Amino acid sequence: MAGLAASFGSGAMTNAICELEQSDTIFIIGSNTATSHPLVATRIFRAIEKGAKLIVADPRKNQIANFAHLYVRHKPGTDVALLNGMMKVILNKGISDDKFIAENTEDFEAFKQVIDKFTLEEASNISGVSEEDIKNLAKVYASADNASIVYCMGITQHTNGVNNVKTLANLSMLTGNIGKPGTGVNPLRGQNNVQGACDMGGLPNVYTGYQSVTLGDANKKFAKAWGVETLPTKIGLTLPEMFSGIENDEVKAIWVMGENPVVSDPDANHVKKALEKLELLIVQDIFLTPTARLADVVLPGVSFAEKDGTFSNTERRVTRVRKAIDPVGESRQDWAIIQDVSNAFGYEMNYESPEEIFDEIADITPSYAGISYERLEGPGLQWPCPSKGHPGTPFLHKDGKFTRGKGLFHAIDYRPPAEKTDNEYPYLMTTGRVYAHYHTGTMTRNSESLDFEIPEGFLELNPADAQELGISDGHKIKMASRRGEIKTKVMITDRVEKGVVFMPFHFEETNVNKLTNPAYDPIARIPEFKVCAVKLEKA
Amino acid sequence: MLDFCGIEKERMRARWVSSAEAPEFVEEINQFINVLKKLGPSPLSMN
Amino acid sequence: MIDTIKQKISGLLSDASVKGVVALKTANGHVTPCVFQKEDDLDMLSLGDMQASGDTRYPLNKVLITIARQYPDDVFGVLVRGCDERGLYTLYRLNQLDPDKVVPIGFCCPEELAKACECKKPYPDDPVAGEKTKEIFQNRMEEIEGMDISKRFSFWMDQFSKCIKCYGCRNICSMCFCRECSLECEDLVSKGSLPVDIPVFHLTRAMHMADRCIDCGLCEEACPSDIPLRVLYKKTSRIMNAEFGFTSGIEKQEKSPLSMLGPAPDN
């Protein structure tokens, strides 16, 4: 999101999901759309049936790649090289949208210099995609009337994740594919409400609606709203900083709400040790997760079915969630738990309902100002919705009028991932999801029918590698990185190319995150889940 | 239904043969093998 | 039309001839299934028409099965279109509902909806409201039958390849009430990867629909991948009709030829 915010001024999907049906070209990169975002895939299938072209770039030939007019398999972590190669072709052939660039963007020259220095040959060598394919990708994307880019964690979970996103933003501006229906740069958010969590200031540097904690104005406004003299202007800690803080004895207590870092964070052995070192670990969740099992105090929160409130989804749409059943057992509304703790600390909170909290959000968040429970009956509203009569905003940056003023080109050189293969660790491993499970499986692995579909972890291995290792389908393999070692079942498939292996991360018993690299992007602080070097051995 | 899905219906055959009728069984299988050889590889095999 | 239906339900509730009526309500800008037990609540009654006629339907028979299992001695009303009534007849035949415990409240579909569904009987036998419209010709099926065999093959394989194995087609189907499902039998359908076994997954389900599918089309509406499942099952239904003269749910008392022992019936 940091990348899109820097390029366009707003960190969210630029266009609405249903607009994908109006695209005549869709470029998917680093997204296993059919598995992870099936309802987005529906719109893509509809667009294809109406004649749209689909182009897909992914190290793994996932389900939606089978529908692509052109699929390219680039090496994990080489996205910038591939994309810069495409832009080289677009500039060389003169098929860029020069009018759009001149009128609506800035810093184009610095960007162009980087592309000028880069060669198509380098792009091909680094990414492993033929020059011909890069040319074709570029031609198809640039010659479209309305081209959408769809991306996901395959782009962001890298040490250069922000650069990857900025490069996609460059590509859309270079061809003027932004600010119109059916275009844009569209990150698919992994959770129903992860956009909402960010919107609500669930980041170390902002209040609600991305109002910076370091800016005096926002600070004063929030201090006034919350009836205090001043609020701190210091930026908080990101997740990797919290863990290094534990090591340095700067962080003594953590309150984890609805997260399962023991399974979801890279270098899991290290994470576990760090959490054990804490003086106080509080975990608020709906199940006793592996993280909750380490906690000093477990607070039982509620599931979606037990609560009232709102979710803000990937297309910035705010919708109501309504309580269907009473909280099970001793569980309590999450907001009520927070309120009680706050009152015990001496800062009084007296909210009666989620609606009252929502009204406060609307009061102090410009992009939510026009939203109220009353207006959320039916299909909801897409922010920005700045006033009561405002209809909401399906797509951002209309007619090239970017949120930040002009769209900003970034000059970005290719940088390799943090970890390379060598003689000891000769395979590149990438991680991801499977259709039956969600994230660390806290909910889905508790479902009998989903657990039936896929009960355990597995490693996808190319047939040629399997032959070299002398291993057959379904057998056990030992996989180790510089950080840890696991044993898992093998699935032999040409979805992955030779030298690259894939493993889903949902499974605590075969926790692939014991192996992943905690090296992170310097800006967004997202760890490099998608690339690490491993060795394999018959178990 | 196979035909409706674009798979030649000749590729499927159901016959009742008693366990005591070995020669009939052999004859049936041989005939079916000939039919399949004529039809060539199934379009499904290309997936 | 809705007022006539409200009156009918109101009558059933006021003389206590039913314990409740399974129908639809509008609430919070959405349409959802609801068991009406009080006449006062009927203000919220909906026929499932949001923007267009019948664009928001639910498997009300399935809701009714769940309720009937919990309250086996009580009588319930249920809102039915032509397809839902075919569903009721089939569920009576398969012993999932007791006809003495069900009071259908039928209404006819308008012509536009009947056309969109290519419905063979867009009305219940004894409608409370609406005008009976004609049977509609099965264009979509004929179109596929008219393709040459290799085109038909690639058409269906492309469609099936979109499947994300969500089981939505099965889960929404009122005729799918089995406790054990062949789709979850590992000897028939392998599990654990996408795309699903093609065409085994979809044809297995189609086979099981042969004497059941009542052509309500909810499967196709529920499918997140827009697979034209309804046309697939229309075909199984047509084969049943051609071979045995049987169409699921058209005649209230008719037995399925697939559940009879002995020589084939004459019909």
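Predicted model: local features only at pLDDT ≥ 70, side-chain atom pairs only at ≥ 80, totals over all residues.
**Notebook: chain contacts and cysteines**

**Entry 1. Chains A and B.** I checked whether these two meet. Chain A and chain B do not touch. Their nearest C-alpha atoms lie 11 Å apart.

**Entry 2. Extent of the A–C interface.** I looked up how many residues take part on each side. Chain A puts 22 residues in contact with 21 residues of chain C. I then looked up the area. The size of an interface is often expressed as the accessible area lost when the parts come together. Between them, chain A and chain C bury about 1900 Å², and 53% of that is on carbon and sulfur atoms. On the chain A side, I noted Gln63(A), Tyr435(A) and Phe452(A) as the residues that lose the most area to chain C. Together these three account for 31% of what that side buries.

**Entry 3. Charged and polar pairs.** I counted salt bridges between chain A and chain C and found three. One entry I followed up is the salt bridge of Glu49(A) with Lys162(C), where the closest N and O atoms are 2.8 Å apart. For polar contacts across the interface of chain A and chain C, the rule finds 15 residue pairs, both residues being at pLDDT 80 or more.

**Entry 4. What the chain A side is made of.** I went through the helices next. Helix H2 (33–36), helix H3 (38–49) and helix H18 (448–453) of chain A each supply at least two residues of the side that touches chain C. Which of the elements gives the most to that side? I found that H3(A) does, with six residues. Sorted by class, the side of chain A that touches chain C holds 11 nonpolar, five polar and six charged residues.

**Entry 5. Cysteines.** I turned to disulfides. A disulfide is a covalent bond between the sulfur atoms of two cysteines. The count over all chains is zero. Cys176(C) has a relative accessible area of 21% and is partly exposed. I also looked at Cys213(C), which is in no disulfide either. The nearest cysteine sulfur to Cys213(C) is that of Cys219(C), 6.3 Å away. Is Cys213(C) buried or exposed? I recorded Cys213(C) as buried, because its relative accessible area is 12%, under the 20% limit.

Key: Residues numbered from 1 in each chain as written. Chains lettered and ligands numbered in written order. Heavy atoms only, no water. Contact = heavy atoms within 4.5 Å. Buried area = accessible area lost by both parts, 1.4 Å probe. Salt bridge = Lys/Arg side-chain N within 4 Å of Asp/Glu carboxyl O. Polar contact = N/O pair within 3.5 Å; in protein donor to acceptor, adjacent residues only side chain to side chain. Helix = DSSP H or I, 4+ residues; strand = E, 2+ residues; numbered from the N terminus. Nonpolar A, V, L, I, M, F, W, Y, C, P; charged D, E, K, R; others polar. Disulfide = S-S within 2.5 Å. Buried < 20%, exposed > 50% of the residue type's maximum accessible area, 1.4 Å probe, protein only.
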